Amino acid sequence: MAQAARFTFDLDLGERPTPAMAPIRPTVPEDLVAQLVAQAREDAYAEGVAQGEKNATAMAAQTLAAAAGTLATRTGEMVAALDDAMTQSRREAVELAASIGRKLALHLLARHPTVELDALIAECMQSLNGVPHLVIRCHPDIADAIRDVATAHMQTSGFAGRLVVMGDPDQRLSDGRLEWVDGGLVRDIAAISADIDKAISAYLNTPAAANQEETGH
C-alpha cells in the first residue's frame, strides 16, 4: 500500500508558465506600404492643388466681375461728363461766334448806316409799279442820304410815285420803315437779333445738332 504524500504549502498556484511570445510579422510588405503612403501623399497634394486653383479661379472671376462693374460705372460717368463738356463747349463756341457777329454787325452799321436800307429800298421798288406814293421813315441823321439813295433807285426801277422821306427819332441808326398804300416793310436790328438768338437756342437744344457735332457732318 502506497504511502500518501504530505501536502506542503510552498507551491504558488498563481504562477503559470507562459510560453515564449513569437515576433509579430507584418501581413503587407513594407515596400508596398511605403508605395501606398507615397501615392496617398501625391493624391492629397494633387487634390490640394486642384482645390487651390479652383478657389483662385473663382476669386479671380469675382474680382474681374467687380472690376468690370466698376469700369462700366466709371465709363458711363466719364461718357456723361464728356457729353456735358462737349455740349457746354459747343454752346460757348456758338455764343461766342454770335457775340462776335453782333459786334461786327454793329460796327459795320455804325460805319455804313445806309447800307441795309439801301438794299431794302432797291428790293422794294422793283415791285411798286403803279403805287401812288412811298414813305420812308429813318433816323434823322441819315434822312438826306436815304433820300438820295431812294431817288437813285427810282430812276432805275421805274417807280413813278411820290417819294416821302421822314426823319424819325424813334428809329435806330440804320433801321427804317417803308410804307405804301397796301403794304410796308420794316428793318429792325433788334428784331433781327432776337430772331438770331431764337435760331441759336433752337439749334443748341436740338439733339440733331449734337449728333452732327459728333459725326462731323
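Helices (H or I, at least four residues) and strands (E, at least two) are DSSP runs, numbered from the N terminus. The structure described here is a predicted model, in which local features need pLDDT of at least 70, side-chain atom pairs count only at pLDDT 80 or more, and totals for chains, interfaces and linings use all residues. Residues are numbered from 1 along each chain as its sequence is written, and side-chain values use heavy atoms, with hydrogens and water left out.

The chain contains five helices and four strands. Read from the N terminus, its elements follow the order α-α-β-α-β-β-β-α-α. Of the 217 residues in the chain, 19% are buried (under 20% relative accessible area, with exposed meaning over 50% and partly exposed in between; 1.4 Å probe, protein chains only).

Attention may now turn to the largest pocket. A pocket is an open set of points on a 1 Å grid over the protein atoms alone, where a 1.4 Å probe fits, with protein on both sides within 12 Å along at least five of seven lines; lining residues have an atom within 4 Å of a point. The lining of the largest pocket consists of Ala-98, Gly-101, Arg-102, Ala-105, Leu-106, Leu-109, Ile-189, Ile-192, Ser-193 and Ile-196. Two elements, α1 (30-111) and α4 (189-204), each supply two or more of these residues, and α1 contributes the most, with six.

Helix α1 also holds Ile-100. This residue is partly exposed, its relative accessible area being 43%.
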